[in-house]
Amino acid sequence: MQIIHDFKIPVKKYSELGQNNNFPHPEECPHCHDKLLKHGFYHRYVITIDNQCFWIQIRRYKCQHCKKTVSILPAFLFPRFQRSLNYIVCCMKEYLLQKKLLLYKRAVYFYLHRFTCNIPGLIAFFRDKYHSLIPFKLSRIKKATKLIKMIWSSDAQILSKEYQDHFNQCFMAL
Ligand SMILES: [Zn+2]
């Protein structure tokens with residue numbers, strides 16, 4: 001399981017700090033509520049919107065009782081995506097708003113497919129959390145355009161974390 005945490009620092013800084021980032025230690029195991037123990041780190045890459053690639057470390061914990069692991073995913077990432085959240089949101093925004101491709105078409109279409117699968121969840125999320133109503137009868141693509149504008153005009157990372165906390169999955173999940 002992954003817990004999203006906003007470290008409130010840029011990707012570059014997070015990468016430089018490595019294992020010295022200020023990692024939160026969750027109070028209890030999300031599965032069985034027993035104590036979580038530190039369980040090392042794993043490494044991965046992240047590609048930012050300026051096309052830089054960073055090597056980052058992800059903090060991991062393990063439950064002493066049920067043995068499940070929990071990792072702390074920085075809020076600048078979507079779980080299981082290599083490009084940063086801002087990069088992906090920007091690609092979708094550019095395409096939906098002005099048909100501009102920031103990446104090859106297949107990648108942008110893949111992101112849009114994932115995003116449009118989550119339209120019902122996003123509409124419910126904005127309605128419950130922000131009382132913003134999206135007209136029900138709009139086409140799929142118009143709904144997606146409206147939603148991406150709303151996400152882009154606020155802080156996409158904060159929204160994504162709130163969405164994840166609410167539904168226990170990200171708005172790019174299948
Ligand atoms: Zn547990």
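Let's start with the annotated domain. An unreviewed UniProt entry places "domain: DUF6431" on residues 29-87. What you see here is a predicted model. In the model, the end C-alpha atoms of that span lie 32 Å apart.

Now the metal site. Which residues hold the zinc ion? Four cysteines do: Cys29, Cys32, Cys63 and Cys66, each through its SG atom, at 2.3 Å. Along the chain, the donors read C-x2-C-x30-C-x2-C. Take Cys29 and Cys63 from that pattern. They tie together distant parts of the chain, 34 residues apart. Cys29 sits in the loop between helix 1 (11-17) and strand 2 (36-47). Cys63 belongs to strand 3 (residues 53-63). Are these two buried or exposed? Cys29 is buried, and Cys63 is buried too.

Next, the geometry. Why is the arrangement called tetrahedral? Because the four donor atoms subtend angles of 98 to 118° around the zinc ion, and the tetrahedral class asks for all angles between 85 and 135 degrees.

How much space lies in the largest pocket? About 260 Å³. Its lining has 17 residues. Closest to the centre are Gln2, Pro79, Arg80, Cys170 and Ala173. Helix 3 (residues 105-117) gives the largest share of the lining, with three residues.

To recap: a zinc ion on four cysteine SG atoms, in a tetrahedral arrangement, and a largest pocket of about 260 Å³.

Notes: Residues are numbered from 1 along each chain as its sequence is written. This is a predicted model: local features need pLDDT of at least 70, side-chain atom pairs count only at pLDDT 80 or more; totals for chains, interfaces and linings use all residues. Side-chain values use heavy atoms; hydrogens and water are left out. UniProt positions are given in the numbering used here, feature names are shortened, and annotations may be inferred rather than shown by experiment. Helices (H or I, at least four residues) and strands (E, at least two) are DSSP runs, numbered from the N terminus. On a 1 Å grid over the protein atoms alone, a cavity is a set of points where a 1.4 Å probe fits but cannot get out, and a pocket is an open set with protein on both sides within 12 Å along at least five of seven lines; lining residues have an atom within 4 Å of a point. Grid points are joined across faces, edges and corners, and a volume is the space filled by probe spheres set on the points. Donors are N, O and S atoms within 2.8 Å of the metal (3.2 Å for Na, K and Ca); water is not among the atoms, so sites may look incomplete. Four donors count as tetrahedral if all angles lie between 85 and 135 degrees; four count as square planar and six as octahedral if opposite donors are over 155 degrees apart and all others between 65 and 115; anything else is irregular. Buried means under 20% relative accessible area, exposed over 50%, partly exposed in between (1.4 Å probe, protein chains only).
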